[in-house]
Amino acid sequence: MPITVTAPRGVLTPAGEREILPRLTDALVEASGLTGNKTFLSFVGGTVHVLPPEDVYAGGTNRPVVMVELKLPSIGLPTPEARAAFVHAATAVVEELTGPGHERENTWVNILNAPDGGWGIGGRALTGEQLVREITGA
């Protein structure tokens, strides 16, 4: 379940650049209700893209937006409440890891779902049912 963070250079603190993915991973695991599930945790990865500030736009203008994008199977975060919990937690993580002056409205969180069988690891396309069996050990 890839998490992609895109931020203008200098918006995340140096420590924030290193800590954001582990913290967002924890937020996803918690919002999923799977704290302590090592199999689920092993399915979460991501990247941090730090771009020159002049390369980040919103509303057609240069703006210091931090974007968090989560891609997961359609069974992931299945309820509006679970999705809202991740959005809230991810926004809080960004707020804690940015420098002074970062405004909350400049944090965008986006959740994308892959169709059943459209998510995989190691060359295996996994359905929701298969993922549930792997995560639960059934």
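Which residue stands opposite threonine 4 in β5? Threonine 4 stands opposite glutamate 69 in that strand. The structure is a predicted model, in which local features need pLDDT of at least 70 and side-chain atom pairs count only at pLDDT 80 or more, while totals for chains, interfaces and linings use all residues. Residues are numbered from 1 along each chain as its sequence is written, and side-chain values use heavy atoms, with hydrogens and water left out. Helices (H or I, at least four residues) and strands (E, at least two) are DSSP runs numbered from the N terminus.

**The sheet**

- Four strands form an open sheet in the order β2-β1-β5-β6, with mixed pairing.
- β2 (45-51) and β6 (107-114) stand at the edges with a single partner strand each, so one side of each has no neighbour in the sheet.
- From one strand to the next, the twist averages 15°.
- Strands of a sheet pair through backbone hydrogen bonds, either parallel or antiparallel. Here, two strands count as paired if DSSP finds at least two bridges between them.
- β1 and β2 run parallel and are joined by seven bridges; within this pair, alanine 7 stands opposite valine 50 in β2.
- The pairing of β1 with β5 is antiparallel, over four bridges.
- β5 and β6 pair in the parallel sense over eight bridges, and proline 73 stands opposite alanine 114 in β6.
- Helix α3 (residues 80-97) lies across β5 and β6 and runs at about 140° to β6. For such angles, axes are lines fitted to C-alpha atoms, for helices over the stretch in contact, and the angles run from 0 to 180 degrees between N-to-C directions.

**Selected residues**

- Strand β1 (residues 2-8) is mostly covered, as six of its seven residues are buried (buried means under 20% relative accessible area, exposed over 50%, partly exposed in between, with a 1.4 Å probe and protein chains only).
- Threonine 4 is found in β1 and is buried, with a relative accessible area of 18%.
- Beyond its neighbours within four places in sequence, threonine 4 is in contact (heavy atoms within 4.5 Å) with Thr47, His49, Met67, Val68 and Glu69.
- Lysine 71 is in strand β5 and counts as partly exposed at 36% relative accessibility.
- Leaving aside neighbours within four places in sequence, the contacts of lysine 71 are Met1, Pro2, Leu112 and Trp119.
- Lysine 71 and glycine 45 are 26 residues apart in sequence, and 10 Å apart in space from C-alpha to C-alpha.
- Most residues other than glycine have a negative phi. Leucine 77, although not a glycine, has a positive phi of about 45°.
- Leucine 77 is placed in the loop between β5 and α3 and counts as buried at 3% relative accessibility.

**The largest pocket**

- On a 1 Å grid over the protein atoms alone, a pocket is an open set of points where a 1.4 Å probe fits, with protein on both sides within 12 Å along at least five of seven lines; lining residues have an atom within 4 Å of a point.
- The largest pocket holds about 190 Å³ of space, a volume being the space filled by probe spheres set on the points, which are joined across faces, edges and corners.
- Its lining has 16 residues, of which Leu34, Phe40, Ile75, Gly76 and Ile135 lie nearest the centre.
- β5 (66-73) and α4 (128-136) each supply at least two residues of this lining, and α4 gives the most, with four residues.
- The lining of the largest pocket divides into 13 nonpolar, three polar and no charged residues (Ala, Val, Leu, Ile, Met, Phe, Trp, Tyr, Cys and Pro count as nonpolar, Asp, Glu, Lys and Arg as charged, and the others, Gly among them, as polar).
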